[in-house]
Amino acid sequence: MSTTTFLSNYTVGADAYGKIPLICGYGGRTAVVIGGKTAMEKVKNKLIEAVRGTCVEITDFIWFGGNATHKNIGVLLNNEAVKKADMIFAVGGGRAVDTAKAAADKLGKLVFTFPTIASNCAAVTSLCILYNEDGSFGEFYFGRNPAVHAFIDTEIIMAAPLKYLRAGIGDALSKQYEAEFNSRGDETDHENALGLQISRNCSSLLLKYGLQALRDADNGVISGALEQTALTIIINTGLVSLLVKNYYNSSMAHAVYIACTQLPECKLHMHGEIVAYGVLFLLTLDMQIQERNRVYAFNKEAGLPLCLADITIKYEVLDKFIADVAEDRYLEHAPYSISRQKIQKAIDELEQYHQSQS
C-alpha cells in the first residue's frame with residue numbers, strides 16, 4: 001500500500017513577505033486573510049505592499065472569531081469572501097492559524113501561513129487543535145494537507161510581546177522528550193523514524209539558543225539565536241508533528257496541558273507555559289533526574305513555570321488534575337504502565353525539588 005507525505009515549505013527573514021507573489025502566484029489570483037485582530041493590524045501594510053502590482057490580490061481581512069472552535073469555523077465557511085477566494089492567508093498565533101487551516105481544509109482551498117508570534121508550530125502542521133465553546137480542549141482535527149508555505153517574518157516575531165516567545169520555547173521543549181518517551185522500544189517505519197530523528201535536536205537547540213533569543217528579542221535585536229529559536233519552535237517541531245504518529249507527538253507533558261484546560265484557574269496561563277511545567281513532570285516521572293534538573297535551571301532563568309503554583313494548581317483541585325492526567329488518550333502508548341500513584345509521586349518529587357531550590 002502506498003503512502004503520501006506532505007511537508008510544508010517556509011521562508012524566513014525580515015523580508016519574507018517579498019516572496020509572496022513568487023510562491024503564492026501558482027495557487028491562484030485572489031487571497032483572503034484570516035487572523036487575529038492584533039496580528040492582522042501588524043501585518044496588513046506589509047502584506048498589501050508585498051502584493052501591490054503583482055498577480056496576487058488580497059480581497060478581504062477577516063477576524064477568525066477569537067478561538068479555534070467549530071462555531072467560528074462554520075462562520076468562515078459561510079463567508080462569501082472566504083468562499084470566493086482562491087487561497088487563504090492564515091495570520092497570527094496558533095488558534096487563529098488553526099481556525100483558518102480547518103476552514104481551508106473543509107473548503108478544499110490552499111492555505112499559506114503568516115505566523116506573527118513564535119509560540120507554536122501551527123504554521124506548518126496539518127493538525128488543528130480545536131476547543132469547546134467554554135474554552136476547554138475539544139479535539140484534534142487533522143487536515144488533509146499542511147499549509148503550502150509559511151512566511152516567517154523575523155522582524156514581526158522579534159517585535160511581538162516576549163511572553164509569546166517564552167511560551168513557544170516552553171511548548172517546543174516538550175517535543176524531544178515526549179517523542180522519545182512514547183516511541184521507546186518501538187520499531188518504526190521510514191516516516192516515523194525521520195520525524196523522531198528531527199525531534200532529537202529540538203530541546204537541545206532551545207537549551208542552547210533560547211535564553212539568548214529571549215534577551216535579543218527583549219532588546220529589539222534580530223539575531224542568529226532568535227532565528228534559530230523561532231525556527232525550532234515553528235519548523236522543527238512542526239515537521240515532527242507532520243511525520244510521526246500523533247501519540248509520539250503528544251504524551252505526558254501535553255497530558256498536563258489538556259488536564260489544565262478542565263481547570264478554570266489555569267486559563268491565566270498560555271499553552272506553552274503549562275507544557276513547560278509538563279516537561280519537568282515528564283522527566284521526573286521517567287526518572288531522568290539529571291536532565292530534569294538541567295531543564296529546571298533553564299526554565300528558572302527563562303521565567304517558565306517550575307511548580308504547581310506557577311500554573312495556578314491549588315491543593316483542592318490536585319486530585320482532579322491527577323485524575324485528568326491519568327485519563328490522557330495516549331497513556332496506553334507510554335513505555336510502561338502509569339498509574340495515578342506514579343503521577344502523584346512524580347508531582348510530589350518535583351515539588352520537593354522545587355522547594356529545595358527556593
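This is a predicted model: local features need pLDDT of at least 70, side-chain atom pairs count only at pLDDT 80 or more; totals for chains, interfaces and linings use all residues.
## Nonpolar cores

The largest nonpolar core holds 102 residues. Within this core, F281, I313 and F321 have the most contacts. Helix α13, spanning residues 271–285, supplies the largest share, with 10 residues.

F321 shows how such a contact set is built. Setting aside neighbours within four places in sequence, F321 touches V256, A259, C260, L263, L308, I313 and I347. A second core is separate and has 23 residues. Among them are I20, C24, F89 and V148.

## Cysteines

A search of the whole structure returns 0 disulfides. A disulfide needs two cysteine sulfur atoms within 2.5 Å. The closest cysteine sulfur to that of C260 belongs to C266, at 3.6 Å, so the two are too far apart for a bond. C260 is also buried, at 1% relative accessible area, and is one of the contacts of F321.

C121 has its closest cysteine sulfur in C202. That separation is 9.2 Å, again too far for a bond. C121 is buried too, with 13% relative accessibility.

## L130 in strand β6

L130 lies in strand β6, which covers residues 127–131. L130 counts as buried because its relative accessibility is 1%, under the 20% cut-off.

Beyond neighbours within four places in sequence, L130 contacts A68, H70, I73, F137, G138, E139 and Y141. R95 is 35 residues from L130 in sequence. In space, their C-alpha atoms are 7.9 Å apart.

Technical notes. Residues are numbered from 1 along each chain as its sequence is written. Side-chain values use heavy atoms; hydrogens and water are left out. A nonpolar core is a set of buried Ala, Val, Leu, Ile, Met, Phe, Trp, Tyr and Cys residues joined through side-chain atoms within 4.5 Å. Buried means under 20% relative accessible area, exposed over 50%, partly exposed in between (1.4 Å probe, protein chains only). Helices (H or I, at least four residues) and strands (E, at least two) are DSSP runs, numbered from the N terminus. Contact means heavy atoms within 4.5 Å.
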